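Reader: I have a model open and want to learn to read it. Where do we start?

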Amino acid sequence: MSGLIFHHESRTCFGIMVTIQLGSKCLSVADAGALAAAEHRRGNIQGALEIYDVIAARVPKSAEVHNNRGVLQQMLKRYGEALASYDRAIALKPEFANAHFNRAVILKLQNRFEESLASYDKAIALNPAQAEAHSNRGSVLQDMRLYGQALASYDRAIALQPDFAIAYNNRGTILLCQGDMAGAEQMFRKALELKPDFSDPRHSLSTMRRFQTAAVPEVKEILALLNQPGLPAEQREHLYFTLGKIYDDSGLYDEAFGCFQQANQIRNRSVAYSADKVVKFTDEVMEVFNRDFLGRRQAFASPSKLPLFIVGMPRSGTTLLANMLSNHRAIGTAGELLDMVDYATRLGEIMGNEVPYPQAAKQITPGAAGYIIRQYEKRLRRNIQRDVAYVIDKNPLNFRHVGLISMLFPEARVIHCTREPLDTGLSNYFTRFRLALDFSFDLRNIGHFYREYARLMEHWRTIPTLKVMDVSYEKMILDTENTARAMLDFLGLEWDERCLAPHTNPSPVETASQWQVRQPIYKDSLERWRHYEKYLGPLKEALAAK
């Protein structure tokens, strides 16, 4: 995962001769700022922000105050408010490099990558020696799959700060997704050399090999780190995921599950999965995108057959399937795009109203639909260097948006990758996903989300206008050629032997399967759940619930 840094302006408004009333105290701006900083250090972010709210009301034309207020809002994940604060700081002080920097961080968190890149460029123009800005810029370019430019940004960051462990780590993640295992290992080891307690490169190194035994130095190092007092929770859970992976490889299944359980319990505290909201969303999608609604072809619909969507549960085999197909001469891949999920989430905003998704789809305007179609097709083609019949978008969670996809691209094909539910659930539990996949850190939540996914996919099967094909992960492993031929028949393409060798595909892979898909197809992941059956009661109960 790419590391990000944002900046607090420590010298806040010194010299402004204004007093601040905080309760019974009358303080100078400098003293009020110092008090806010003290609350910040104690972890009372909300308290620090409340002080800055008072300061901002008294000195509304201080760019530094608005910048610091934005940092605190950002820490509380109030991203819209933080962005407004940074914009206010920049309006007051256009050459304020740190505010441009912090604005760029927010925009990246909102997946507004081009805007984020522009803000980093401005910050760098104002302060070209800031290594963090070059590293963060590389992270944005990495998300945009502009890997050559991203590597150049990381190289610049390292040139400015040779001990910059985060830049080495991020450089390693690009080399890993490009399949340069030796280069990636060199970067990760350099990051660890510079920062021995850095959990990200340690975890990445563990995913790049299969351990035959747990009697390795890595285990001793991890256990020593876990025994350190005051170890931050995020670092602790990251280390448990890494240790669990080593134990699982080594056949120490009880020890492995214990580690994954510890890791997920910590990670689950940072999310709040709502089963009721997931059920409500599924119900609403099925109600809006019903047979009659999707049976009416919209005048704005694109005739393009270019998009090829691969959907399913995370860890259901979508990466392997995508690598098989994109090894065909007529199929390219754009990777795991967030664009369609983002368009669905912001559909009301794009149309200029507050109607939530999926209800907004009923009111979609030709202008909004045309904008999404143009932008999405442009994004699909951005990194494709040859003429192809299809470009893959393999974001598995697009299963939630097959209805919207069909409205916009009625000729688009969708391949749905299925996998044994217990294997799928266990693989989710053993993967350190981003927090946005809030269901994945608890076995009951995984089972519930899987059930809702299956319910929605069953709904899509009832709509005859949708062009959806189900492909079994197990059959893909055990009967690879016939499965590949069936998929190519579905796509109207001739046979290509390279589909049988997905491990030779040079396309970058950004998912948790980066190492696995570089290996010849293997059967080890089939019925893996049997090693952990005694622990899977909560998952089984959730899957079986009515």
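**Reading the fold, the core and the backbone**

Author: Start with the secondary structure: the protein chain has 26 helices and 7 strands. Keep in mind that this is a predicted model.

Reader: How do I judge how compact the protein chain is from its radius of gyration?

Author: Set the value beside the globule rule. Here the radius of gyration is 25 Å, close to the 24 Å that the rule gives for 546 residues, so the protein chain is as compact as a globular protein of that length. The C-alpha trace spans about 75 × 65 × 50 Å along its principal axes.

Reader: What share of the residues of the protein chain counts as buried?

Author: Of the 546 residues, 56% do. Surface is the other side of that picture. The protein chain exposes about 23,600 Å², and carbon and sulfur atoms supply 50% of that area.

Reader: And what do contacts say about sequence separation?

Author: Take contacts between residues at least 6 apart in sequence. In the protein chain, 71% of them join residues at least 24 apart.

Reader: Next, rings. How many aromatic pairs does the structure hold?

Author: It holds 20. Read each pair by centre distance and plane angle. Phenylalanine 439 and phenylalanine 449 are stacked, at 4.0 Å centre to centre with 0° between the planes. Phenylalanine 439 sits in the loop between α22 (421-429) and α23, while phenylalanine 449 is in helix α23, 10 residues apart.

Reader: Which residues form an aromatic cluster?

Author: One cluster is made of Phe241, Tyr253, Phe257, Phe260, Tyr429, Phe430, Tyr532 and Tyr535.

Reader: Which charged residues lie over ring faces?

Author: Check the distance to the ring centre. Lysine 190 lies over the face of tyrosine 168, at 6.0 Å from the ring centre. Arginine 413 lies over the face of phenylalanine 490, also at 6.0 Å from the ring centre.

Reader: What should I look for in the backbone?

Author: Look for exceptions. Most residues other than glycine have a negative phi, and most peptide bonds are trans.

Reader: Where is a cis peptide bond?

Author: It runs from tyrosine 357 to proline 358, with omega near 10°. Proline 358 lies in the loop between α19 (347-351) and α20 (366-381).

Reader: And what is the phi of lysine 77?

Author: About 65°, a positive value, although lysine 77 is not a glycine. Lysine 77 lies in the loop between α3 (63-75) and α4 (79-92). With 52% relative accessibility, lysine 77 counts as exposed.

Reader: Where is asparagine 111 found?

Author: In the loop between α5 (97-109) and α6 (113-126). Asparagine 111 has a positive phi too, near 60°. Its relative accessibility is 32%, so asparagine 111 counts as partly exposed.

Note on methods:
Residues numbered from 1 in each chain as written. Predicted model: local features only at pLDDT ≥ 70, side-chain atom pairs only at ≥ 80, totals over all residues. Heavy atoms only, no water. Phe/Tyr/Trp six-rings, centres within 6.5 Å; stacked < 30°, edge-to-face > 60°. Helix = DSSP H or I, 4+ residues; strand = E, 2+ residues; numbered from the N terminus. Lys NZ or Arg CZ within 6 Å of the ring centre and 35° of its normal. Rg over C-alpha atoms; globule rule 2.2 N^0.38 Å. Buried < 20%, exposed > 50% of the residue type's maximum accessible area, 1.4 Å probe, protein only. Contact = heavy atoms within 4.5 Å. Areas by Shrake-Rupley, 256 points an atom, 1.4 Å probe, with all protein chains shown as cover.
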